Amino acid sequence: MASFPNFLPPLVLLATLFSTPALCYINPFTARPQQNVAEPSAYRTYIVLVEPPRSDAGEDAHRRWHESFLPSLHAGESIESRLLHSYTEVFSGFTARLTKAELDSMAKKPGFLRAFPDRKLQLMTTHTPAFLGLRNGTGFWSEARYGKGVIVGLLDTGIHAAHPSFDDHGIPPPPPRWKGSCKAARCNNKLIGAKSFVGDDSGDEVGHGTHTSSTATGNFVPGTYHGVGTGTAAGIAPGAHIAMYKVCADNECDESAILAGLDAATKDGVDVLSISLGANTATRFDEDPTTIGAFGAVSKGVVVVCSAGNNGPTPASITNDAPWMLTVAAGTVDRSFGAEVRLGNGKSIHGEALTQKAKTRSKLYPLLFSDARPFCEFDITSVAGKIIVCEANVEDVEKSEVYGLIDAGAAGVVLFNDDISGYTTLLRDYNSTMVQVTAADGAILKSYAASSETGALAAFNYNNTLLGIRPAPVVSWFSSRGPSFITPGVLKPDILAPGLNILAAWPPKTDSASGPFNIISGTSMATPHISGVAALLKSIHPSWSPAAIKSAILTTSDMVNSTGGSILDQHYTKASVYDTGAGHVNVTRAADPGLVYDLGITDYAGYICWLLGKDGLATIVRNSSLTCTKLPKIEDVHLNYPTITVPMTSTPFTVNRTVTNVGPTKSTYTAKVDAPKSLVVRVFPETLAFSKPGEKKTFSVTVSSRIGKELFLEGSLRWVSERHVVRSPIVVAAAAAGRSLVKNIT
């Protein structure tokens with residue numbers, strides 16, 4: 001299967017396994033000479049799902065059960081060379097190297113369920129806490145104790161443990177429930193866990209894991225990047241503990257290693273799991289080991305936060321779309337690393353540059369653009385003393401091409417966005433002779449260069465870091481869009497968070513930057529923001545379920561930007577719910593949502609029965625007491641999700657939802673509906689009165705629509721009390737319910 005980059009470094013779209021401990025019992029598979037030994041190329045790695053052992057006597061019993069499925073070993077082979085992982089917490093099975101013939105033989109053994117070929121998945125701040133309303137020493141951040149006592153686990157490329165973002169100043173020891181270990185160059189009360197499933201070293205040679213870790217939970221530390229973005233860097237939950245599970249080597253991640261990290265993190269006792277990884281396309285939930293493992297973690301109370309993917313702006317490109325995952329889209333913040341392109345006609349164009357000179361006004365140079373060579377592919381003999389205008393297409397202008405122009409004597413380069421990326425500029429750090437501008441401003445530059453009768457001229461001015469840029473947030477062009485192909489009746493993505501040009505910690509001497517901070521983009525960067533928010537909520541509400549925490553984040557989110565208007569997409573047109581999910585995260589309101597839409601394992605099991613049947617239930621849910629014959633089958637639209645999606649039909653269609661009071665003991669909520677004229681929405685009852693904490697109330701929403709050419713329509717339901725507004729998007733879609741698209745997946 002192809003895979004997508006869930007991590008977008010400045011220059012290119014970037015995007016295993018826990019060493020088996022020595023066994024303490026006699027090897028039951030003593031090597032025996034074999035005549036026909038398979039060539040190494042005949043082996044393939046498989047993730048094997050089996051029934052749990054008959055007697056659950058701990059890890060040793062699980063491992064012996066898993067070893068019983070292995071074929072006889074050849075001379076010189078060891079079990080460790082074949083049995084790569086043994087899973088016990090979130091998945092019943094193991095990873096093994098097998099030939100096709102050995103797998104066929106294994107499939108005949110009692111207890112074998114199915115096998116998945118191992119896949120490779122790819123990797124998908126100083127100011128963002130303030131942008132999200134978090135300020136040191138005041139308000140919600142202080143009330144949540146900065147996330148102290150909460151453990152955030154990350155499945156990633158490792159961590160640069162010596163970075164000051166991971167100092168433990170002011171961090172208490174880990175809670176007694178922590179069962180993990182730390183194998184890093186420096187472990188302390190901040191970095192309490194570090195394990196590698198791709199060798200023995202938990203260090204980070206890529207930078208991605210260090211960046212995401214510090215975004216989620218980095219401690220307070222002065223930070224800057226080449227003089228821009230200067231300030232105090234901190235993660236969203238700077239008081240929380242970090243546990244890193246290294247599951248990626250270079251920029252690729254074996255799914256067997258990801259599953260091992262999920263298993264270990266759940267066993268160790270993490271509260272939140274941040275997964276900035278993903279596949280290229282959505283996969284049936286019962287055929288996706290990561291999704292299966294995530295369900296196992298959620299069933300044990302772990303909040304699993306995942307990136308939506310970087311395949312935007314293509315519709316229905318969302319991945320990590322299971323209802324038990326919290327799926328995060330990427331948007332902008334209100335910060336710009338300002339640089340100005342001053343034109344010879346007296347006009348100026350606002351741009352950005354990661355590397356900046358002093359503010360002195362530079363001299364004017366001839367401006368050069370060629371429609372025949374828009375991507376910086378100029379004859380280097382013609383560029384000396386000129387500012388070159390180039391288009392940055394999705395495939396990216398090579399850094400070598402820009403440097404080649406500068407080496408040939410070009411006075412500078414202006415790189416403008418293509419039409420796909422529009423107004424959302426993914427910054428690249430080439431040098432101080434390059435400024436980046438939007439697609440719209442690129443069109444102005446091209447027109448000026450072509451029409452100036454006296455010769456087009458330009459110069460660069462630098463403005464360092466500008467805050468309060470509006471509008472913000474804007475949905476980033478690369479952020480994958482809904483609807484979910486697997487389960488269109490559940491709105492995905494769930495939430496929008498900062499993911500464009502995020503400054504966070506970085507290790508020294510990596511390929512793309514020298515540290516100690518770097519600015520990169522992707523839904524990988526948005527994900528740890530929400531992981532940090534989940535940690536803050538867990539600190540205040542330790543008994544809340546993963547679904548309740550998700551509900552609090554979704555129902556308190558914002559659907560307006562900093563101007564008071566609708567959140568926009570990369571073309572500055574109104575973003576849809578399939579771009580933003582419920583809206584942009586509002587951290588301070590999420591702590592006190594008033595009401596939550598809760599879900600338990602039985603609810604998910606009934607949904608899986610509807611979607612995938614008994615075989616799907618047996619694959620995903622490890623609970624013999626839950627069977628499809630005894631469970632009500634719950635369609636995706638009827639799942640008690642905090643967003644509401646119904647089919648587009650002129651016949652009234654009704655869904656029920658149940659909310660739980662987590663606000664004042666006595667409170668009354670009144671239903672308020674916002675919908676276009678083509679929708680008729682009725683809520684019954686229109687008032688919900690609560691008299692005690694934890695009290696539940698059920699209501700129905702009936703929707704009918706005037707069918708037109710629209711693929712979907714949007715509205716919202718707000719439950720309003722004196723202190724709270726609990727908002728749920730209402731999506732009326734042409735193919736939202738009544739059919740499982742899984743049947744059409746090949």
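Reply: Ile47 stands opposite Phe116 in β4. The model is predicted. Behind that residue pair is the antiparallel pairing of β1 with β4, which runs over five bridges.

Now the whole sheet. It is open and has four strands, in the order β2-β3-β1-β4. The pairing is antiparallel. β2 and β4 (112-117) each have a single partner strand, so one side of each lacks a neighbour in the sheet. That puts β2 and β4 at the edges. From one strand to the next, the twist averages 25°.

Helix α1 comes next. This helix spans residues 59-67. Its buried residues are Ala61, His62, Arg63, Trp65, His66 and Glu67. The cover over them includes strands β1 (44-50), β2 (83-87) and β3 (93-98). Helix α2 (79-82) is also part of that cover.

Three strands make up an open sheet in the order β11-β5-β13, with antiparallel pairing. Its edge strands are β11 (252-254) and β13 (277-278), each pairing on one side only. Strand β5, residues 120-123, pairs with β13 over two bridges, in the antiparallel sense. Gln122 has Gly278 of β13 as its bridge partner.

Then the helices elsewhere in the chain. α8 (residues 289-299) and α15 (residues 601-620) have axes that come within 13 Å and cross at roughly 145°. The crossing is left-handed. From α8, the residues in contact are Ile292, Phe295 and Ser299. On the α15 side they meet Ile601, Tyr604, Ile608, Thr619 and Ile620. By class, that contact has six nonpolar residues, two polar and no charged ones.

Helix α12 (residues 546-555) is mostly covered, with ten of its ten residues buried. Among them are Pro546, Lys550, Ser551 and Thr555. Ile549, Ile553 and Leu554 are buried as well.

Last, confidence. The mean pLDDT of the protein chain is 86. Of its residues, 87% reach 70 or more. Over residues 1-38, though, pLDDT is below 50. That stretch still has 149 contacts in the model beyond near neighbours in sequence. Residues 736-746 also stay under 50, and the model gives them 23 contacts beyond four places in sequence. Where pLDDT is low, predicted coordinates should not be read in detail.

Note on methods
Residues numbered from 1 in each chain as written. Predicted model: local features only at pLDDT ≥ 70, side-chain atom pairs only at ≥ 80, totals over all residues. Heavy atoms only, no water. pLDDT = per-residue confidence, 0-100. Contact = heavy atoms within 4.5 Å. Pairing = 2+ DSSP bridges. Axes fitted to C-alpha atoms, helices over the stretch in contact; angles between N-to-C directions. Left-handed = near helix turned anticlockwise from the far one by under 90°. Nonpolar A, V, L, I, M, F, W, Y, C, P; charged D, E, K, R; others polar. Buried < 20%, exposed > 50% of the residue type's maximum accessible area, 1.4 Å probe, protein only.
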